[in-house]
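Work through the exercises below with the sequence and the coordinates at hand. Each task is followed by its solution.

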Amino acid sequence: MNREAGWLRKLYPVLIVAAIVISLDQWTKEWIRQNVPEYTSMAPIESLQDYFVFEHVRNYGAAFGILQNQTMLFTVIAIIVTIAIMVYVRYLPIEQRLVRILLGLQLGGAMGNLIDRLFVNDGGYVTDFIKMGVPSYYWPNYNIADSAIVSGVIGLGIYIIWDDIRQQRAQKAVERPA
């Protein structure tokens, strides 16, 4: 198998996961834009309305509203993340499927928010709508792309720690005298 075919075989799951995330993210954001007026909310599950609502807001920043109005910075970061993931995948062993799925989540999330900033919403903002918490304390609103990025990063961190522990245990088993 030539190098390009091997790379594409490794990249394929990343792109499939990313495409699913982007599709779901864009579909849910469009549904919110069409059905929930800006800065209002609706309870998709009445019995959970104190803990979970869809609240349509504009986010001109990053997570938690930091770095307001930095569309160019977010664009550059999304491009760097995309390139880094696509290059990194080339060097991943083919059996590391979970890592490729986690990278696909990150790629899809980055691209989903980039699409919002550059092509959907005039003014470089992202549509956020998921609001969760308890009365008097709510997590900042987020969307599917944000969830995918956070899940991918946390999952990759856990995987790296778990894999390191596994390798240390295997090394200790080899070093033990018989």
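The exercises concern a predicted model.

**Exercise 1.** State how many helices and strands the chain has, and give their order.

Solution. The chain contains four helices and four strands. Along the sequence they come in the pattern α-β-β-α-α-β-β-α.

**Exercise 2.** Check the end-to-end distance of helix α2 against its number of residues.

Solution. Helix α2 covers residues 71-91, which is 21 residues.

**Exercise 3.** Determine which residues of α2 are buried and how they are placed around the axis.

Solution. Buried means under 20% relative accessible area. In α2 this holds for F74, T75, A78, T82, I85 and V89. They cover an arc of only 105° around the axis, so they lie on the same side of α2. In an α-helix with 3.6 residues a turn, residues three or four places apart point the same way. On the other side of α2, the residues M72, I80, I83 and Y91 are exposed.

**Exercise 4.** Identify the residues of the nonpolar surface patch, then locate I45 and classify its exposure.

Solution. The patch is formed by I45, L48, Y51, V134, Y137 and W139. Together these residues have about 600 Å² of accessible area. I45 sits in the loop between β1 (41-42) and β2 (52-59). Its relative accessible area is 40%, so I45 counts as partly exposed.

**Exercise 5.** Give the share of the chain's residues that count as buried.

Solution. Of its 178 residues, 37% count as buried.

Methods
Residues are numbered from 1 along each chain as its sequence is written. This is a predicted model: local features need pLDDT of at least 70, side-chain atom pairs count only at pLDDT 80 or more; totals for chains, interfaces and linings use all residues. Side-chain values use heavy atoms; hydrogens and water are left out. Helices (H or I, at least four residues) and strands (E, at least two) are DSSP runs, numbered from the N terminus. The expected span of a helix is 1.5 Å times one less than its number of residues. Buried means under 20% relative accessible area, exposed over 50%, partly exposed in between (1.4 Å probe, protein chains only). The arc is that of the directions from the helix axis to the C-beta atoms. Patches are made of residues with over 30% relative accessible area and no salt bridge: like charges are joined within 9 Å, nonpolar side chains (Val, Leu, Ile, Met, Phe, Trp, Tyr) within 5 Å. Accessible areas come from the Shrake-Rupley method with a 1.4 Å probe; for residues, only the protein chains shown count as cover. A salt bridge is a side-chain nitrogen of Lys or Arg within 4 Å of a carboxyl oxygen of Asp or Glu.
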